[in-house]
Amino acid sequence: MSHLSVNQNKLQKRLRRLTAEAVTDYNMIEDGDKVMVCLSGGKDSYTLLDVLLHLQKVAPIKFELVAVNMDQKQPGFPEEVLPAYLEKLGVAYHILERDTYSIVKEKVPEGKTTCSLCSRLRRGNLYTFADEIGATKMALGHHRDDIIETFFLNMFYGGNLKAMPPKLRSDDGRNVVIRPLAYCNENDIAAYAELQGFPIIPCNLCGSQENLQRKVVKEMLQGWERATPGRLDNVFRSLQHVQPSQLADTKLFDFASLSIDESVAPRYLNVMNL
């Protein structure tokens with residue numbers, strides 16, 4: 001794109017490169033795949049579609065992209081925005097109409113956050129639809145910061161070490177979820193979305209409050225990054241270099257049978273002379 005400044009061009013190249021690296025590292029997309037790109041209308045999913053369209057042009061393999069948006073019937077949802085955008089791009093798409101808004105409002109007490117139930121209903125419907133259209137992969141717009149936040153949310157509030165994996169097979173084995181933006185940070189994505197002028201649809205149409213636990217963790221992580229730039233990169237790298245023997249999960253590592261290895265020669269080391 002010749003109209004981009006030097007810094008803007010670097011930003012675009014960085015997002016494309018990091019996406020390609022994540023796709024390659026985790027074998028996210030294979031020759032002949034039909035990739036269903038879940039498009040919410042937010043900055044992350046727009047960026048996801050944008051970089052995957054570029055990857056489709058330059059990759060040495062052939063794969064199909066189809067965009068899918070789930071219209072959950074929130075009052076005020078601008079139904080015309082995504083079809084107009086996708087038709088302009090010439091991207092195949094489906095608008096999946098499911099009134100999960102009414103279900104959420106019925107089940108969740110007034111004043112409580114609706115995000116958890118809303119996302120579960122959305123995910124279930126998208127899983128089913130992916131199966132119906134023969135999609136071999138489901139691409140979601142979660143990025144590096146989402147993965148790190150989820151890791152700390154699970155640690156602080158769930159008492160376990162898990163995050164969002166870059167690639168996941170659903171429990172029933174019918175879907176493979178991929179997160180091609182796993183190596184990209186949120187600030188870059190936000191800057192790119194603004195640069196491209198994506199027609200953002202806000203995620204507050206239902207009037208629900210933001211997930212407060214995630215907000216607390218996000219603010220904590222942003223504070224860390226301001227105080228020590230590069231810390232979030234190190235946190236993410238740690239998720240890629242897990243050493244089970246240095247943790248404490250007896251199901252993951254056999255601590256019970258650890259004993260001296262009698263086959264190893266004794267040291268006979270005089271520690272006083274060290």
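In which strand is N69 found? N69 lies in strand 2, which covers residues 64–71; helices (H or I, at least four residues) and strands (E, at least two) are DSSP runs, numbered from the N terminus.

**View 1. Overview of the predicted model.** This is a predicted model, in which local features need pLDDT of at least 70 and side-chain atom pairs count only at pLDDT 80 or more, while totals for chains, interfaces and linings use all residues. Residues are numbered from 1 along each chain as its sequence is written, and side-chain values use heavy atoms, with hydrogens and water left out. The secondary structure comes to 9 helices and 6 strands, and of the 274 residues 38% count as buried (under 20% relative accessible area, with exposed over 50% and partly exposed in between; 1.4 Å probe, protein chains only).

**View 2. Surroundings of N69.** N69 is buried, with a relative accessible area of 3%. Leaving aside neighbours within four places in sequence, N69 is in contact (heavy atoms within 4.5 Å) with L39, S40, F77, L82, H94, I95 and L96. For L39, the backbone oxygen lies 2.8 Å from a polar atom of the N69 side chain.

**View 3. Helix 2.** Helix 2, residues 43–58, has 16 residues and reaches 23 Å from its first C-alpha to its last, close to the 22 Å expected at 1.5 Å a residue (the expected span being 1.5 Å times one less than the number of residues). Buried residues in helix 2 include D44, Y46, L48, V51 and L55.

How values were computed: A polar contact is a pair of N or O atoms within 3.5 Å; within protein, one must be able to donate a hydrogen and the other to accept it, and residues adjacent in sequence count only if both atoms are side-chain atoms.
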